[in-house]
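Dear colleague,

Please find the structure below, handed over for your use. My notes on it follow directly after.

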Amino acid sequence: MKFKVNISFYGEKAILIDWPREINEEISAELLKVQDYLKEEYWDQLLDIANGYQSLLLYYKSTVTLNLLQDVKSKLSKIDFNNYKKTPTLWKIPVCYDLDFGIDSTNFLELKGLSLTDLINMHTAAVYHIYGKGFLPGFLYLGGLDEKLFLERKSIPNLKIPKNSVAIGGQQTGIYPSQSPGGWHVIGSTPLSFFNIKNSPPSQIEVGDKVKFHSISKQEYFNIKNKKLVIDS
Amino acid sequence: MTPKVSYIEVLHPGIACSIQDAGRVGYLSEGIPMSGFMDFEMAGLANLLLGNNENTSVIEWKLIPPKLKFSAPCQIVITGIDVDIYLNSELKEAFKVITIKENDSLSIRLNKVKGYGYIAIKGGIRTEKILGSRSFYPNITKHSFFKKRMKLPFVPFIENTITKQFSKINYYKKPSGITFVDVFKGPEFELMPISLQSDLCRKLFSINNQSNRMGFLLNEFIEAHKNSIISSPVLPGTVQWTPSGKLIVLMRDAQTVGGYPRILQLTESSISQLAKVPTNGFIQFVLVTNAV
């Protein structure tokens, strides 16, 4: 392994693997390979594996022991990363930045001293890395936001952020998969849904994949929405 | 022949009543909480008394139980502490099989202790299973809580599967006082000052009235701080140390990741013990270590 990790108990039935405490794509890539590998190695003993930016939580069916902890350690020393080469999918996601959808854009642009064109150019230029999902079912944590667009979350959250809103919170950007309260600044909306609980898994987009946004008009937004087009990858 | 489906009609939705089973396992990476019975012990008892598998879907209440009407005969067991149960106007016992006739209506009154309670039905409730579970959760299942006139499907009972009427247990509640909650050290235990680490298990904490299925907020302050961590996985039973100095014990509907230091982790059984503690009831943490 490239990075030094710390392996510890997490309560009665879980083991935590911690990478160095920083957000970077190399750590994310290594962590995802380890996740795939351990999923295979412990398929009959694990209930689930959860991931954060720089940690994995192995949640077992029964009580974890020191022997198991040692076993995880020794498995990690044997992992052959060449067996876990997965090319990440790039998802090209259309976003309408019209102020009718970007309900917080006016305020956001004023605070940042930017024009709407600046915002659209910067937000669509970056290729975002998916570090994880959480906060809401299917909510994607996207890293790689242009630092000129960083803005602290609102101190008072919106009670109803509409489904499919694209928003900025702190150093991250994300898409709300369902209507929810939230403190992020809404700058647009995508006509596509990526999260459907009738499917298993409910989303085709995986942690470790990449996302690029492109700007569409209101007309295009409704065309796509009404045709229910699938996402382009 | 497939058995016909009958319904329980919700006459009054109560407060925060839901369908729960053992939960939705395997979707933490999708950001989907596990959910499931707040109190596995109580829900499991109700199911076992009926001869159900202990993980069968049941009705869960907190504070105000629902009023229900049954469209067909069935058998149920109610587990809850300090409750009065009325079938039509007849008083019934908790922790004992109750036989229901067509059009019977059920109401439950809570007395002093307002904890989580359960109504199990023979064969289970048959609301839609989503990602392996019937547990209600916003944006996953159609409903988050009971609504008036909602209909909960069940398979009506078949004569020869009748559970013996004498299935009963005596459940004695501990006299009200302090509930001891077994905990392991969490990953960020050492972020606390040494004095606080040793004080934590000597302090009494009480449950705030803002507590719910996502988490129990504790009333007492320990110490304000400015430590945050990079969003990391959490589980039901994780104790978070918020910047204000208050503690939150994450419960079954907890979000899958969090950014507050995770100072303690409850044992599996103590999560159910904590669920029994009413608002303003007292708890004390007891540190335990992992098996070798």
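Two strands are taken as paired if DSSP finds at least two bridges between them; helices (H or I, at least four residues) and strands (E, at least two) are DSSP runs, numbered from the N terminus.

The model is predicted: local features need pLDDT of at least 70, side-chain atom pairs count only at pLDDT 80 or more, and totals for chains, interfaces and linings use all residues. Residues are numbered from 1 along each chain as its sequence is written, and chains are lettered from A and ligands numbered from 1 in the order in which they are written.

In chain B, strand β12 (residues 178–185) pairs with strand β20 (residues 282–287) in the parallel sense, over 6 bridges. Within this pairing, T179(B) has I283(B) as its bridge partner. Strand β12(B) also runs antiparallel to strand β19 (residues 262–266) of chain B, joined by 3 bridges, and there V183(B) is partnered with L266(B).

L266(B) is also touched by V249(B), whose other contacts include F216(B) and L274(B) (contact: C-beta atoms, placed from the backbone, within 7 Å; residues up to four places away in sequence are not counted here).

V249(B), A46(B) and I78(B) have the most contacts inside the largest nonpolar core, which has 103 residues. Such a core is a set of buried Ala, Val, Leu, Ile, Met, Phe, Trp, Tyr and Cys residues joined through C-beta atoms within 7 Å, where buried means 20 or more other C-beta atoms within 10 Å of a residue's own. Helix α1 (residues 40–50) of chain B gives the most to this core, with 7 residues.

Yours sincerely

Key. A residue is buried if 20 or more other C-beta atoms lie within 10 Å of its own, exposed if 12 or fewer, and partly exposed in between; C-beta atoms are placed from the backbone. Two residues are in contact if their C-beta atoms, placed from the backbone, lie within 7 Å.
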